[in-house]
Every structure is written in structure tokens, then in C-alpha cells.
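Open the model in your viewer and keep the selection panel at hand.

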Amino acid sequence: MSFFSNLFSKKQQLNPIDLSVLRTDMHSHLIPGIDDGSKTMEETIAMLIKFKELGYKKIITTPHIMSDFYKNSSTNILKGLEDIRDEIKRINLDIEIEAAAEYYFDETLFHKLEANELMTFSENHVLIEFSFSIAPQEHERLFYDMRIKGYKPVIAHFERYLYYHGSIDQAREWREKGMLIQMNVNSLFGHYGPGVKKQAENLVDSGQIDLLATDCHRIDHLTILEQNLSSSYLRKVMNLPLKNNVL
Ligand SMILES: [Fe+2]
């Protein structure tokens, strides 16, 4: 390594990225015991402390709602939220927390939309995830129906869907229709494998990202982020006009 490149890499290490400009994280699994995220209130509080240390001011937590596996509803999610709020008040932890949900796309989502049961965040945003390996069908009809009703679909971790790898055209098309694309920050550090990392880099290079999120299920997800605060791609994504700070 030359003197100058050595100096440059030292400078990068000395300048970790300040995540506080994001203000809000809008995808995580912090309600204890209701999905594959936090298991206990202690774990939840440890994660919230770490979020605060990383500079976040507000957390919108999004438990899975998946017909066969996670039969959550606004009732148990809002009860869990209330319990977390009681605990952060009790220990005097200064961080704001709200709840919505991460909806798995299947036919039951049409019924939830029909019944006006969807949990939203910010301006009627609804977080939706797909199968990682099997391309969805009928989703455009759902998105159309949602937009008619005034909802704004947000596509969770676009870079993780294997059938879109190699192209970001689908992200571009959805954004042109007013939908939002969310990327998991740890995808940039190889946490979900090299293919997902490559697609995440494609998203960053083409600027097709609206929201950057942790999708935090356990504290490791935040320590991985903490260990990569000097990453060049993190620097690059933070220079995009992200919408986290207006949520
Ligand atoms: Fe998630």
C-alpha cells in the first residue's frame, strides 16, 4: 500500500458516517415474541439503546404479518408497542417508537386491503415483502387497488429478491408509479451473500432507493452496521435523496 492510499484509508477510518441525518429507521422486528425478531423485552431495549447510539431518533417497527407463519394483527402489535413505550419511559430512554407491519404478499393481502385492515406508517405507507425465490403474481393488481384507496406501497429489501437480480428495471418502474423502494443497509456489507450485495450496489449506483433500513431482527444486525460505518458504499447511499428523515 502506498503512503497516500494508506493515508486515505486511515482518513476514511477516522470518518465514520453519521447516521443521525437519517433520523428514522422504518423496518425492524422489535416487538418481543411475535415474529422471528426480538424474543424478550431485554433484547428489545438493548437494540433500542444501540439504535440511539447509532444516531437514530425514531424507530418504526414492522413485525411480520404472514398468513400461515405469523398471524399478527394491529391488536397484538399495538399492545406490544404500548409495552415497549412503558418500558422506555420507565428506564428514561429517549427514543421515539411507532409500529406498522411488514406484510408478506399473498392472496390474503387483498382481503386485508378490502377490510381496511392495513397498518400504515407516515403518509399511508404500507411495507410489503415478497418471496425471496419465487416471483410474485397478481401483485400489480394489488398495488393498483392500494393506490386507488390512497395507500403508498413500499417494497421491502428489493435487493433480496433473486428473480430481479441483474436488473433494477422493476425498481425503476415501481418508483415511476409513486411506490417506494427500501434497501437493507447490511446488504451492502455482504450479510445476505454476494448476489444480494451486488444487487444492492446496483441499486445505489443507479440511485433507485428511497428508504434505507436496518431490518433489525437481533442486535447483531446493528453491530454489523456499526462495524461498517466507514464503508464507501454506505457513504454513497447516504448521498442519495433518501426519505428516512421525513417519516
Ligand atoms: Fe423485515
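Start with contacts, and keep in mind that this is a predicted model. Among contacts in the chain with a separation of 6 or more, 79% join residues 24 or more positions apart.

Along its principal axes the trace spans about 65 × 45 × 30 Å. How does the radius of gyration fit a compact globule? With 247 residues, such a globule would have a value near 18 Å; the chain has 18 Å, so the two agree.

Colour by burial next. Of the 247 residues, 36% are buried.

Switch to cartoon. The secondary structure comes to 9 helices and 9 strands.

Now select residues 41-54, helix H2, together with residues 219-227, helix H8. Two packed helices are described by an angle and a distance, both taken between their axes. Here the angle is about 20 degrees and the axes are 9 Å apart. Is the pair roughly parallel or roughly antiparallel? Angles under 35 degrees count as roughly parallel, so H2 is roughly parallel to H8. The crossing of the two helices is left-handed.

Show side chains at this contact:

- On H2, pick Ala-46, Met-47, Lys-50, Phe-51 and Leu-54.
- On H8, pick Ile-219, Leu-222, Leu-225 and Glu-226.

Colour these residues by class. What is the make-up of the contact of H2 with H8? There are 7 nonpolar residues and 2 charged ones, with no polar residues.

How values were computed. Residues numbered from 1 in each chain as written. Predicted model: local features only at pLDDT ≥ 70, side-chain atom pairs only at ≥ 80, totals over all residues. Helix = DSSP H or I, 4+ residues; strand = E, 2+ residues; numbered from the N terminus. Rg over C-alpha atoms; globule rule 2.2 N^0.38 Å. Buried ≥ 20, exposed ≤ 12 C-beta atoms within 10 Å, placed from the backbone. Contact = placed C-beta atoms within 7 Å. Axes fitted to C-alpha atoms, helices over the stretch in contact; angles between N-to-C directions. Parallel < 35°, antiparallel > 145°, perpendicular 65-115°, else oblique. Left-handed = near helix turned anticlockwise from the far one by under 90°. Nonpolar A, V, L, I, M, F, W, Y, C, P; charged D, E, K, R; others polar.
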